[in-house]
Amino acid sequence: QVQLVESGGGLVQPGGSLRLSCAASGIIFSSYAMAWYRQAPGKQRELVASITNSRSTNYADSVKGRFTISRDNAWNTVYLQMNTLKPEDTAVYYCNAGKSGTGENYYPMYWGQGTQVTVSS
């Protein structure tokens, strides 16, 4: 049974930082690409960042230079370091295990339950 468990969400002021973690089980973690998606109220879920099993990364334009995705295969964990947070970053953030395709293509397969990030003063 595949499980992806996110943690680290919360309330932060604009300009602040948060680090999300996602612990995976039930998969051969090192053979999967991993990604973070987010969904704000009334909006479609969007891909925020992805990392291949060879640690190549891709980011949405809206988070480039502010967010960093990384992975630790020894701990079956993927991280999302979020700096200089803005109110528009407010969303539920979802961890995903999937497969990477050509170029920046990412194919989601397994989802976590999500963690709320709220950026507000």
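D89 has a relative accessibility of 0% and therefore counts as buried, where buried means under 20% relative accessible area, exposed over 50%, and partly exposed in between, with a 1.4 Å probe and protein chains only. Before I go further, a word on provenance. This is a predicted model, in which local features need pLDDT of at least 70 and side-chain atom pairs count only at pLDDT 80 or more, while totals for chains, interfaces and linings use all residues. Residues are numbered from 1 along each chain as its sequence is written, and side-chain values use heavy atoms, with hydrogens and water left out.

Let me return to D89. Which residues meet D89 in a salt bridge? One is R38, with the closest N and O atoms 2.9 Å apart. Another is R66, whose side chain meets that of D89 at 2.7 Å, N to O. The term salt bridge stands here for a side-chain nitrogen of Lys or Arg within 4 Å of a carboxyl oxygen of Asp or Glu.

R38 lies in strand β4; strands are DSSP runs of E with at least two residues, helices are runs of H or I with at least four, and both are numbered from the N terminus.

R38 is buried as well, with a relative accessible area of 6%. A further salt bridge joins R38 to E46, with 2.7 Å between the closest N and O atoms. E46, at 34% relative accessibility, counts as partly exposed. Through shared partners, salt bridges join R38, E46, R66 and D89 into one network. The structure holds four salt bridges.

The side chain of R38 also takes part in polar contacts: with the side chain of Y93 at 2.9 Å, and with that of S62 at 3.3 Å. A polar contact is a pair of N or O atoms within 3.5 Å; within protein, one must be able to donate a hydrogen and the other to accept it, and residues adjacent in sequence count only if both atoms are side-chain atoms. Leaving aside neighbours within four places in sequence, R38 is in contact, meaning heavy atoms within 4.5 Å, with residues including Q44, V48, V63, F67, E88, A91 and V92.

The largest nonpolar core has 29 residues, and M34, W36, F67, V78, L80, M82 and Y93 touch the most other members. Such a core is a set of buried Ala, Val, Leu, Ile, Met, Phe, Trp, Tyr and Cys residues joined through side-chain atoms within 4.5 Å. Which elements give two or more residues to this core? They are β3 (18-25), β4 (33-39), β5 (46-51), β7 (67-72), β8 (77-82), β9 (91-100) and β11 (115-119). Apart from this core lies another, of five residues, among them A33, A35, Y94 and Y106. In soluble globular proteins, nonpolar side chains tend to be buried together.

Two further residues deserve mention. T115 is found in strand β11 and, at 11% relative accessibility, counts as buried. The side chain of T115 reaches the backbone nitrogen of G9 at 3.4 Å. Not counting residues up to four places away in sequence, T115 touches E6, G9, L20, A91, V92 and Y93.

S54, by contrast, is exposed or buried? At 54% relative accessibility, S54 counts as exposed. S54 is found in the loop between β5 and β6, and a polar contact of 3.0 Å joins the side chains of S54 and T52.

Finally, the overall picture. The secondary structure comes to zero helices and eleven strands. Of the 121 residues, 41% count as buried. Among contacts between residues at least 6 apart in sequence, 55% join residues at least 24 apart. The C-alpha atoms fill a box of roughly 40 × 30 × 25 Å, taken along the principal axes. With 121 residues, a compact globule would have a radius of gyration near 14 Å, and the protein has 13 Å, which agrees; that radius is taken over C-alpha atoms, and the globule rule is 2.2 Å times the number of residues to the power 0.38.
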